[in-house]
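Please keep the sequence and the coordinates at hand while reading.

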Amino acid sequence: MKEVSFEQIKNLGITPAECVEWASEVIKNKNNYVLPHKISIKYGDNCYFNTMPSYVPEKNLFGVKVVSRIPKREPALQGDILLYNSETGDMLTFMDGTWITAWRTAAVAAITVNALKKPDAKSISIIGLGNIARAFVLCIDSIYKQKDITVKILAYKNQHELFAERFKEYKNIHFEVYTDTKELIRESDVIVSCVTAKDDLFADESDFNKGVLVVPVMTRGFQNCDLAFDKIFCDDIPHISEFKYFKQYKSVTEMTDVLNNDMFVRDKNERILAYNIGISVQDVFFASKILEKLKMMESVNISKFWV
């Protein structure tokens, strides 16, 4: 069994484009995997502890991701991944899930935006400017092949300044800063929310334009859109089947059906909500790719080492 740390993963130099490629592969092949409902324990002040198993037959792998949010911890959101060989039952790795959680979440959000935004969308708005938001910008930039992107961000403390500073070398990414949430939403074609805790609503249903795409990475704050919007998209229907308004949704479609349908076209006037809340098979798949890279690197290092 190999233990893999955050630093080991970070030092592999995995690119945003690779993350998008891996996430796309899982979305397209989702129906080949086994992914039971997650078990969630919620307690205290926005604390939770989730356990999520999954099975990837094509790779002879099964794995479990454990993710928790503890506000008093730094970082508050943290994950761990256990990976097993499904034929032998051997444990292959105990892997830190922090890097994978941020990057696969961001990659899935970027894929979703690219697939579901209306054709004439002129900008992307982001609420919540932590690591997932940063990774999202890098992933969408890799999809757009470094074309010009206007990113509207909501000011919060000094996070908007740090966010813009992070991308100062990216001359194709242009930032606009808003101080009012409702104003930002009213002027948005695409809204990506990476806020990890939200007890109230971001805006009234009437504040959302025709044709808007809302991607609540952490799901909170947009419950009033559930019944008002024209279509709901998700990564896995069973995973959202217990949402309060699920039985009243006008339309529900999985992203696997979008990515596998070359003829998919979205109506430019439809308001769309994308609840890609995260499925552990993404984490397990990423973990397997990382393990492959580590083995390859070790092989190269051994072959070059002579005394």
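Once its neighbours within four places in sequence are set aside, Glu-205 is in contact with Asn-224, Ala-228 and Arg-271. The model is a predicted one, and within it Glu-205 sits in the loop that lies between strand 10 (190–193) and strand 11 (213–216). Glu-205 has a relative accessible area of 32% and is therefore partly exposed. Between Glu-205 and Leu-227, which are 22 residues apart in sequence, the C-alpha to C-alpha distance is 9.6 Å.

When residues up to four places away in sequence are not counted, Ala-23 touches Ala-107, Val-108, Ile-111, Gln-282 and Phe-286. Arg-104 is 81 residues from Ala-23 along the chain, and the C-alpha atoms of these two residues are separated by 6.4 Å.

## Helix packing

Two packed helices are described by the angle between their axes and the distance between the axes. For helix 2 (residues 16–28) and helix 4, the angle is about 85° and the axes are 8 Å apart. Because angles from 65 to 115 degrees count as roughly perpendicular, helix 2 is roughly perpendicular to helix 4. On the helix 2 side the meeting residues are Pro-16, Ala-17 and Val-20, while helix 4 brings Leu-138, Cys-139, Ser-142 and Ile-143. By type, the residues of this contact of helix 2 with helix 4 comprise six nonpolar, one polar and no charged.

Helix 4 (residues 131–143) also packs with helix 5 (residues 159–166), the axes coming within 11 Å and crossing at roughly 30°. The crossing in which helix 4 passes helix 5 is right-handed. Ala-133, Arg-134, Val-137 and Leu-138 of helix 4 make this contact together with Leu-162, Phe-163 and Arg-166 of helix 5. In the contact of helix 4 with helix 5 there are five nonpolar, no polar and two charged residues.

## Cysteines without disulfides

A disulfide is a covalent bond between the sulfur atoms of two cysteines. How many disulfides does the structure hold? The number is zero. Cys-225 is in no disulfide, and the nearest cysteine sulfur, belonging to Cys-194, is 16 Å away.

Are Cys-225 and Cys-234 buried or exposed? Cys-225 is buried, its relative accessible area being 0%, and Cys-234 is likewise buried, with a relative accessible area of 0%.

Most residues other than glycine have a negative phi. Asn-60, a residue other than glycine, has a positive phi near 50°. The place of Asn-60 is the loop between strand 3 (47–56) and strand 4 (61–69), and at 29% relative accessibility Asn-60 counts as partly exposed.

Gln-146 also has a positive phi, near 65°, in a residue other than glycine. The loop between helix 4 and strand 8 (149–154) contains Gln-146, whose relative accessible area of 49% makes this residue partly exposed.

Technical notes: Residues numbered from 1 in each chain as written. Predicted model: local features only at pLDDT ≥ 70, side-chain atom pairs only at ≥ 80, totals over all residues. Heavy atoms only, no water. Axes fitted to C-alpha atoms, helices over the stretch in contact; angles between N-to-C directions. Helix = DSSP H or I, 4+ residues; strand = E, 2+ residues; numbered from the N terminus. Left-handed = near helix turned anticlockwise from the far one by under 90°. Contact = heavy atoms within 4.5 Å. Nonpolar A, V, L, I, M, F, W, Y, C, P; charged D, E, K, R; others polar. Disulfide = S-S within 2.5 Å. Buried < 20%, exposed > 50% of the residue type's maximum accessible area, 1.4 Å probe, protein only. Parallel < 35°, antiparallel > 145°, perpendicular 65-115°, else oblique.
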